[in-house]
Amino acid sequence: MAAGMKRKRGHATQTLPAKRRPSSPEKDADSVLSDADMLAAGDTHAPHSNDLLDESEEDEEAGTNEEQWAGLGGEAATAGSAGEHPGTHKNQPPKGQELRNIKDASELYRSTSFKLQIDALLPNVRPKYSRAAPLDRFLLQLHAFLNALPSSAAQHPLEAARDLQKKGISVPFALPAPTAETNWKVAFERPAEIVLALFQEKDYLHSRFFHKRAYYLSVIAAAISDKSGMNVEVFFESPTGDPRLTTLILRPRNGDSETDFSGLNAEIRIIPVLSPSSPIPLQRLSPARSNIRTSGDASDTPTPLYNSAIALCTAYKRHFLGTHNLKESVPAFADALALLRVWANQRGYGAGDRLCVRGFERRGMFWVSVLELLVHGEESAAGGFGKAVKRKPLGKGLSSYQLFKAALDFLARHDFSKDRVFVKSADGHRFPPETYASHEAVFVDSSSTVNMLAASDDPFSSVFLKEQRDIASRFDVVLRSMTDFGTRVDLSSAKLHKPSQHAILEHGSAYNALIATMLSALRTGFGNRTKAVAVLHPSPQARPLSQANPSNPSIVYVGLILDTEHAFRLVDHGPAAAEQESEAARQFKDFWGDKAELRRFKDGSIVESVVWAVGNQDERAQIPTFIVRHVLKRHCGIADDAIHAWQGQFDSVLRLPESVSAIYQTAGVPAGFKAAMTAFDNLVRAMKALDDKLPLAILNVSPVAEALRYTSVHSPVSVPASLASALPPSARYLAPMHIVVEFEKSARWPDDLRAIQKIKLAFFETLATALMATQKGLRAAVSVHDGGAPSEIRDQASLEIVTAEGWAFHARIWHDREATLLERAINDKPHISKRLQRQSGGDPRERQAALDAQEVYRRRFIHAPRHHRAVAALNHRFPAFSGTVRLVKRWFASHWLLRGHVSEEAVELLCAGIFLRHSPVASEDGVADRKAGVPGSKERGFALAIELLKDWDWSTTMFVPLYGSDDAAGSSGAAAGVIAGAKAGVWTLPTERDPDGHMWTAKSPDAIVARRVRALAKATWECLGGIESRKLDVAALFAHPTEHYDFIVELDPAVLPRYHQNIQADASVWARKGKYANARADDETARLLPGFDPARLLYDDLKARLRDCARDPALTNECN
C-alpha cells in the first residue's frame, strides 16, 4: 500500500530569470502541474478553486517560473529599443502571431473582450507555485517520515484498534465491522515497500480491504500526530459520508519554520491506494459481481457501489499519470480543466462552504475524464461498448475555450440515463457493458476500472459561468427534510418500509442507504413529473481522529426541477385490472399503499390509480409536495411535520385575509380568473347582441385588464350589491376590468378630435341604456375623467358597467381615425422643417396637448391590447408565469413601488424576459432544445426575478422577445444612455413592437427609484438565502423598511376600501364591534364604487402638487 505522496514538481528549487510570458496553454516540459492535476491526483487539496493562491497579495519576486498574463498580444511591449529615447514610440505593423491572436479572439471567442476576460480569469484560479517552497520542503519531510515508519506485527483488528484507541485514534472501520470471530489480521508496512503481505486474495469480501486500509491510515495518523514534530493538525474526512473512502487531512498551524505553508490556503490529503500487484483479483471487482454476503438476501445480488469503491483505490496512480499525459499532449488541457472546475464548483458540483449536490464531492477525475472523452473519443463499437455512431475525438489542437464549450455542450445534450459512455482506452475496457446494468448512469474512465458516476445522484444540464448555488433560483420546489440520524445510526429508528442489511453494506452506512432509498422512492413516485430530483447537503467536514465515523447532516434538502407538462396532473395511472392480480399491480399497490385504488374511467378502462384531491389551483401546484410527503412517510418513516416546504407561505401572500374570504365563500359569489373570463365573455355577447339598437355595430371587444390575463395579484372576485352591506368598509373595493370597444368603420364619424370625444359620450349613453334594458340587474354609467388633466382632444370618457353578478368593467371606445388627426395636430405642415415651424409660431400648448393625447392613444389602444394578448399567451405556454408575475407585483407593491413608480406592464415584461430567456429554442439541426432553467414554479420564478433586479445594469437595454422574435441576443445590451439623477424613466425594455423600450417606463422609474429597487432586491435576495440556513421567513421578503423616509402620513385604515389587501392587514380593523355580530351597515354607506381608491387619489394629487419638493413619494396602501 502506498501513500501517494510523490512530489509533482520536476525542479522545485530551480531559479529562472524574471520574465513575463503570455498566458499560453503550452508550458515547459519541466514545469509543475496545474491545480487541476493536484486536485485530480488527490495529493494536495485546497478548499477553494485557487489552491495555492493568496488573492490578497501579488507575486513580486524576481526569480519565478510563474506564468503571468500579458494581455491579448502575448509578450509585453517594451518601452523602447536600444538607442531610442525613452519618451518616443515607434509604430510597427502587427506581427504574424499578433494577427493570429486577434483572429482567434474574434472567431473563437466571438469578441476580444471575452478573450481578455478569460485570460484575466485563468491566472486567478491557477496556483502560484513561486510561493510553494515551504510546501515543497514539508512534502519532502513528510515523505522521509513515512518511509522511516517502523513495521508492526500482525494483530487481530479489534486488538489493534484498542491499541490505537489508547493514543486517541479511533479506527474508521467500515461496515460490517470486525468481530471477535474475525479470523484475519491487520498490520503495517512502510509505504516505500511492496506490501503484498498485507493482503489476501479474499480481501475483496465483507469490507476486509477497507478494514485493513482504515487501520493503515490510522497508524499513519497516530505517527504524525504523536512524535513527528510536524506543525500540522491531523483529521479524518469521508467523501459523501462513506467510511470506506476515508482519507487523512493535514492542515498547517501558523509558525515561523521553513516548512510552514499556512499562507498558501492548501491542505495535504493522504490517500492509501492499492497496488496493481496486490493479490486481490481485479475481475472480482466487476459491477455485476456480488462481494457481500448477508443473511436474508440473495447471495448473487450485485454490489456495484461496493466494488467501485475498491476499484477506485486501484486507479489513483493511473488517473494521475493519465492527467499528466493529457497536460503534456494537449496544450490547452490545463486551462480548459480550470475553467470547467470553476464552472462546476459554482453550481454545487464540488465541496465548498454552501450546499453541494450529493454524489459529486471530491470528483475531480470526472471532469478530467470529460475532457479526455472529447480529446480521444469513445470506445469503438466492437464488442458492444460504443453506440452505432460513436463520438468522434475532437483532437488536441483546440483552444481552452473550445474544449470548455465542447464539455458544456456534451453535458447539456447527453442523456446519461439512456446512453452509456466508455472513454477510449489504450487496452480496451475490462468489463463488458452489460455488467453495468445496475448503474443508473455509466461513464467509465480510460483506465476501464471506475464508473465515474457510480455514486452520483444528479446527472445535470446547465450553462453560463455564474454563481448558481442558490437553491431558491435553481429548483422549482425545495423541501427540507429533518431526520433523526447523527453520528450513530439505528436502522430501526429510520422505520424503512423494507429495511435491507445488504443495502446498508452496499452504500457504506445506514445513512447513505436511507438517502439512496429516499431518492429511489422519490424518482419512482414522480415518474415523468420531474426532470431532476437532487439531494443537497453541506459538504463533508473534517473530523477529529477520535471520531471513527463521519457526522451526517440531520437536515437535507430535496430539490425538484419539474416537467410542467406532467407535474400537476391529478391522477397517476397504474396497471390495468385483471382476474389474476399481476406482479405489476402488486408492486404498484405496495409502493403507494392506501393511496392506490381501483378506478373506472370514462373510456371504460379499469386501472389501479392514485388520485390527488385538491380544492383550488394553489393546492394543485402543491401536488409535488404532496407526493414527497406521502412517499417519504411510507418508505422512509419520515413524518409530515419533518418535511418543510415554503410554497404555502408564498401562497398566503396572494390570498385575502381569512375573515374576508369567509364572507365571499358564505355568499357563494363567483371568484377566480376563469369566472372573470366567463363574465367578460357574457358581457361581449350581450354587447354584440345590441347591433340593432346602436348606430354602428360593435366589431370587436378587447380585454386590457390584468385580471383577464391571469396576472392580477389577488384572484378576481365579484361583489354583488346584496353582499356590499355584509362587507366592512375596509373591504369593499371592487376592481374594474378595462376593455376596449371597436365599432365598425363608417364615414359618419366626424373629422375633428373634439367632436369625436363628444360622439364617444353619445355612444356610451346609447350603449348603457341598451344594456340596462336587456340585462336585468346590470348598472351602467358614463364617466368623463381618467385621472389626468382635463383635455378636449384626449380620450377621457369611459363606460362603467357593473353586472348583476357583481363584476365591474370600464369600457373605452377605439376609433383609428384619431391617430391621423393627432398626427396632423402635431405636425400640420410635414413638408416644412420642424425648425421653421417653430419659428413660424403656433400655439405650443395645443401641440403639447396633442402630444399627450397621442401618447395616451398609443399606449391605451395600440400597445395595451397587443401586450395583453402576448402576456395571456405566455400564461398558457408557461404554467408558472402567472404566479411569478403575481408574486413579483406583490413584492413591488409591498415596497410601495407598484403603479406609482413601476407599472404593471413593466413588471410583466421583466418576468416575461426571465421565462423567454430559457424557453425552448430550435437548434441548428432543427430539433427543439430546452435550456435548463425554465421556472416550473412561481417560487423559483420569483427568485429569478429578484436575482435579475439585483444584478441588472439598467444603463443597458434588456430586450424581451414578447411577440415571438428570436433576435433577443442581438438586441440586448445596447447602451441606454442613463445619466446620474435622471428624472425620466431609466429602465429600457424594448420588444419587437416597441424598439425604444419606453412605452411602459417613459416616466418612471427614474435613476433614484431604480437604485432603490436594486437595493431592495439585494436585501430580498439575502433573505432568500435563508433557505439554506433554515431562517427563511417569507413574510419578511414583503416587509418594507421605513427608516429612510423623512416622514410618513398614516391614514385611517377603517375607511380605506382596499385596506384588506394590505399584506400586513390587521383583522381587528374590520371586526364587528357592535351589539349584534350580524348587524348590517346602512345601505347608503354600503354603496359599492368600482375602482374608487381614496388613498390612490390622494397619492396622485400629492405627487402632482409636490413634484418639485417631494423626491420619492410612496403609497403603502397599494398592496396588490
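**Exercise 1. Which residues is Phe-443 in contact with, leaving aside its neighbours within four places in sequence?**

Solution. Before starting, note that this is a predicted model, in which local features need pLDDT of at least 70 and side-chain atom pairs count only at pLDDT 80 or more, while totals for chains, interfaces and linings use all residues. Residues are numbered from 1 along each chain as its sequence is written, and side-chain values use heavy atoms, with hydrogens and water left out.

Step 1. Apply the criterion for a contact, which is heavy atoms within 4.5 Å. Leaving aside neighbours within four places in sequence, Phe-443 is in contact with Phe-366, Ser-369, Val-370, Leu-373, Phe-410, Phe-416, Val-421, Val-423, Val-450, Asn-451, Met-452 and Leu-453.

**Exercise 2. Describe the protein chain as a whole.**

Solution. Step 1. The protein chain has 33 helices and 23 strands, where helices (H or I, at least four residues) and strands (E, at least two) are DSSP runs numbered from the N terminus.

Step 1. Of the 1120 residues in the protein chain, 51% are buried, and residues 24 or more positions apart account for 74% of the contacts with a separation of 6 or more.

Step 2. The protein chain exposes about 51,800 Å², of which carbon and sulfur atoms supply 52%; such areas come from the Shrake-Rupley method with a 1.4 Å probe, and for residues only the protein chains shown count as cover.

**Exercise 3. Are Asp-242 and Arg-244, whose side chains meet in a salt bridge, buried or exposed?**

Solution. Step 1. A salt bridge is a side-chain nitrogen of Lys or Arg within 4 Å of a carboxyl oxygen of Asp or Glu, and the structure holds 35 of these salt bridges. For Asp-242 and Arg-244 the N to O distance is 2.9 Å.

Step 1. Asp-242 is buried because its relative accessible area is 6%, and Arg-244 counts as buried because its value is 3%.

Step 2. Because they are three residues apart in helix α15 (residues 583-592), about one helical turn separates them. Glu-583 is partly exposed, with a relative accessible area of 44%, and Arg-586 is partly exposed at 39%.

Step 3. In helix α10 (residues 400-413), Asp-409 and Arg-413 lie four residues apart, about one turn of the helix, and their side chains meet in a salt bridge of 2.7 Å, N to O.

**Exercise 4. Where does Trp-896 lie, and what is its phi?**

Solution. Step 1. Trp-896 lies in the loop between α26 (881-894) and α27 (904-917), and has a positive phi of about 65° although it is not a glycine. Trp-896 is buried, since its relative accessible area is 12%.

Step 1. Arg-899 is found in the loop between α26 and α27, and its phi, near 70°, is positive in a residue other than glycine. Arg-899 is partly exposed, with a relative accessible area of 32%, and belongs to a network of salt bridges that links Glu-706, Arg-709, Lys-889, Arg-899, Glu-904, Glu-905 and Glu-908.

Step 2. Consider the peptide bonds as well: the bond from Leu-175 to Pro-176 is cis, with omega near -5°, and a cis peptide bond joins Ser-1004 and Pro-1005, with omega about 0°. For comparison, most residues other than glycine have a negative phi, and most peptide bonds are trans.

Methods:
Buried < 20%, exposed > 50% of the residue type's maximum accessible area, 1.4 Å probe, protein only.
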